[in-house]
Structure formats: structure tokens, C-alpha cells
Amino acid sequence: LVLMVLGLVTTNFMNIISGSLSAKAVWRSGSRLAWTSAIAVLGTQMAAYSLLVTDVVSVFHTFLVVLLVWETPWLGVMLTDYFLVRRGRYYRQDLYGITGVIPGVNWRGLLAYLAGLATAAALSYTGDYRLFGVPLYSPLMQQLFNGADFSYPGGFAVPALVYLLVASRGVAPVAPSQRIQPAAEDEPAQRTSERSRPLLTT
């Protein structure tokens, strides 16, 4: 039992750090310590609620259903962007917003994601599970397909197709000069002088 508890501590430690970094990336205000503490308190409350108020197995199954409906459209958008839209051409200048090629908020990706989320919810049927009273299944699947679940293929294909249609025209070509070239191994003096230069000058 002690080993199991210690194992959960290490796992939840990584979950708390990941959640706090994600929150910090979305909302710039607040310190990292404050967000880490908030995520830890929220997670502890949710764990206590699932243990003391509801059935743990039912809550965990509901959590897995929510992940299935949520992650599949996200995966469709990300893989389409990498393999079909940009074809693996990601550069550091773009990711940090230096060139303006990648916008701060990818509204096309959000549009495709919402379309996939609605599709996955409409094609989902994993049993009569509810989240705060909201059903996590589609009565349509029970009536027409005898309870079959098509949320995974539908939730992947629809956002991938939507994103491919709306994003292909909006991606600007990347100039070869934007690629960061690694320094040659036979130029140690030049690398040293470049590192000694100040980042900002007045």
C-alpha cells in the first residue's frame, strides 16, 4: 500500500506540473507557484469528491469517455497540420512569433476542432454515463446503430478534413532564409564571438 501511494505521488506530481504550465501558458498573470497550488487543490477536491460522494469506477469511466471525445478531434487537427498542411516545416522563428507566419491563436484550428468535437459527441455511445447531469452519449447512435460508437473515426476524420480545407489557403510559404542553420564545427572563434554579443542594445 505504501509503494502504491508513493507511486501515485510521483505520477500526480507530473500531472500538477503539466497542468500548471498549461494554465500559465494560457493566462500569463499569476506566478508558477500560485498556479501549481491551485491545480493541486483542485485535483485534491476532485479526488475527494470521486471517493466520498460518487462511485470511483463510474467517475473514472466517465473521465475516459470525456478524453475519448476531447482528444480525437485534437489529434486530427494536429496530424493534419503536421503531415498535410505544413509537411513538417516548423521553424523556431515561427513558433516564437518572430516571423508572424504562425498566428498567436489559430482560429482555423479551433474551428476544425469544434466541428470535430460536435461530430464526436454526436457519434458517441459508450453507455449511459453523465457528467454533471449532461449525457455523454448520443441517443441517435442507440436508435439507428443499436448502440454502436463511431466517435473515434468520425471525430478524427471530420476535423482533419475541415482543417485541411480551411488551413491550406492560409499557410504562407516559408522562405529558405528562415531556417536556422547549425553552426559549423570548424568555426569555434566565430561561435564564441556571437555568444558574447548582447541580446539587446541601447
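1. Buried residues (under 20% relative accessible area with a 1.4 Å probe, protein chains only) make up 20% of the 202 residues here. Keep in mind that this is a predicted model, where local features need pLDDT of at least 70, side-chain atom pairs count only at pLDDT 80 or more, and totals for chains, interfaces and linings use all residues. Residues are numbered from 1 along each chain as its sequence is written, and side-chain values use heavy atoms, with hydrogens and water left out.

2. On to the fold: you'll find eight helices and two strands, taken as DSSP runs (H or I, at least four residues, for helices; E, at least two, for strands) and numbered from the N terminus. The order from the N terminus is α-α-α-α-α-β-β-α-α-α.

3. Now the inside. Val-77, Val-85, Ala-112, Tyr-113, Tyr-163 and Ala-167 form the largest nonpolar core, meaning buried Ala, Val, Leu, Ile, Met, Phe, Trp, Tyr and Cys residues joined through side-chain atoms within 4.5 Å. At least two of its residues come from each of α3 (56-85), α5 (107-122) and α7 (151-167).

4. Look at Val-77 next: leaving aside residues up to four places away in sequence, its contacts include Gly-109, Ala-112 and Tyr-163, where contact means heavy atoms within 4.5 Å.

5. Finally, the α3 and α7 pair. Their axes (lines fitted to C-alpha atoms over the stretch in contact, with angles from 0 to 180 degrees between N-to-C directions) lie 8 Å apart at an angle of about 40°.

Notes. Buried means under 20% relative accessible area, exposed over 50%, partly exposed in between (1.4 Å probe, protein chains only).
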